[in-house]
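This briefing is for a reader who is meeting the structure for the first time.

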Amino acid sequence: MSKYYSINEFSKILGVSAQTLRNWDANGKLHPHHTSTNGYRYYSHEQLNQVMNVKPNLNRVTIGYCRVSSHKQKDDLERQIENVRTYLIAKGQPFEIISDIGSGINYKKKGLKELIKLITQNKVEKVVVLYKDRLLRFGFELVEYIASLYNCEIEIMDNTEKPEQQELVEDLVQIITAFSCKLQGKRAGKARKLVKELIEEGDENDKNNKGNVDTQ
């Protein structure tokens, strides 16, 4: 099923004004796909691809993307991969699995860069992730927008909020550590103290959680 954009949506994606699109329509450079009975112009996704010089690719695949924050979570990563693989096999479509070990705020992970590269090469039909934050903790909407430009859908298997306290702590530590490197004197000392407290709190929560599991 083809996707259609209003003149305002289409203009924002292309980075031109709505009036420019009206001018293109008037001079024959680009006519809308169709005009509604009330006079609104609508453009198709095929037209978007043509304007952006994106060639159709009939051999696009689905990518299952899996991620954990640290090597301590390798078992969790394997379970995540197995869940995503089982889900995609049931769908009966060609797929590949890309996995990463790295923070949800790290944009330089090898797997994530490969995923975005494949999307922008128009080789990906759909990206499937178990939870929203498995793709990125911050910036999911940006990747989703980039994917939409190449008619690539991002599907979240489970939309249930699933807070991972230890991962949140690790992400916060990374942010504060990077910030503290730019500080000097007392402010840097306070930042390092905060990092230490976060790590200690995370370790204590881990111990408590393990104790709760053992007693159940």
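Helices (H or I, at least four residues) and strands (E, at least two) are DSSP runs, numbered from the N terminus. The model is predicted, so local features need pLDDT of at least 70 and side-chain atom pairs count only at pLDDT 80 or more, while totals for chains, interfaces and linings use all residues. Residues are numbered from 1 along each chain as its sequence is written, and side-chain values use heavy atoms, with hydrogens and water left out.

**Sheet**

- Four strands form an open sheet in the order β5-β4-β6-β7, with parallel pairing; two strands pair if DSSP finds at least two bridges between them.
- The edges are taken by β5 (95–101) and β7 (153–156), and each has a single partner strand, so one side of each has no neighbour in the sheet.
- On average, neighbouring strands of this sheet are turned by 25 degrees against each other, direction ignored.
- Axes are lines fitted to C-alpha atoms, for helices over the stretch in contact, and angles run from 0 to 180 degrees between N-to-C directions.
- Strand β6 (residues 124–129) pairs with β7 in the parallel sense over four bridges.
- Helix α4 (residues 74–91) lies across β4 (61–68), β5, β6 and β7 and runs at about 160 degrees to β4, where contact means heavy atoms within 4.5 Å.

**Aromatic rings**

- A pair of aromatic rings is described by the distance of the centres and the angle of the planes.
- Rings of Phe, Tyr and Trp (its six-membered ring) pair if their centres lie within 6.5 Å; planes under 30 degrees apart count as stacked, over 60 as edge-to-face and the rest as tilted.
- The structure holds two such aromatic pairs.
- In one, the ring centres of Tyr 5 and Phe 10 are 6.1 Å apart and the planes are at 45 degrees, so this pair is tilted.
- In the other, the centres of Phe 10 and Tyr 43 are 4.5 Å apart and the planes are at 10 degrees, so this pair is stacked.
- Phe 10 belongs to helix α1 (residues 7–14) and Tyr 43 to strand β3 (residues 41–44), so their pair ties together parts 33 residues apart in sequence.
- Ring pairs link Tyr 5, Phe 10 and Tyr 43 into a cluster.
- Tyr 5 is buried at 5% relative accessible area, Phe 10 is buried at 0%, and Tyr 43 is buried at 0%.

**Salt bridges**

- Side chains of opposite charge can pair when their charged atoms come close.
- A salt bridge is a side-chain nitrogen of Lys or Arg within 4 Å of a carboxyl oxygen of Asp or Glu, and the count by this rule is eight.
- One of them joins Arg 60 and Glu 125, at 3.0 Å from N to O.
- Arg 60 lies in the loop between α3 (45–51) and β4, and Glu 125 lies in strand β6, so the pair ties together parts 65 residues apart in sequence.
- Arg 60 is buried at 14% relative accessibility, whereas Glu 125 is partly exposed at 40%.
- Another joins Asp 76 and Arg 79, whose closest N and O atoms are 2.2 Å apart; both residues lie in helix α4, three residues apart, about one turn of the helix.
- Asp 76 is partly exposed at 35%, and Arg 79 is partly exposed at 49%.
- Glu 82 and Arg 85 also form a salt bridge (3.7 Å, N to O), and these residues are three apart in helix α4, separated by about one helical turn.
- Glu 82 is partly exposed at 42%, and Arg 85 is partly exposed at 31%.

**Positive phi in loops**

- Asn 122 is not a glycine but has a positive phi, near 60 degrees. Asn 122 sits in the loop between α5 (110–120) and β6 and is buried at 6% relative accessibility.
- Asn 151, also not a glycine, has a positive phi of about 55 degrees. Asn 151 is in the loop between α7 (140–149) and β7 and is partly exposed at 38% relative accessibility.

Notes. Buried means under 20% relative accessible area, exposed over 50%, partly exposed in between (1.4 Å probe, protein chains only).
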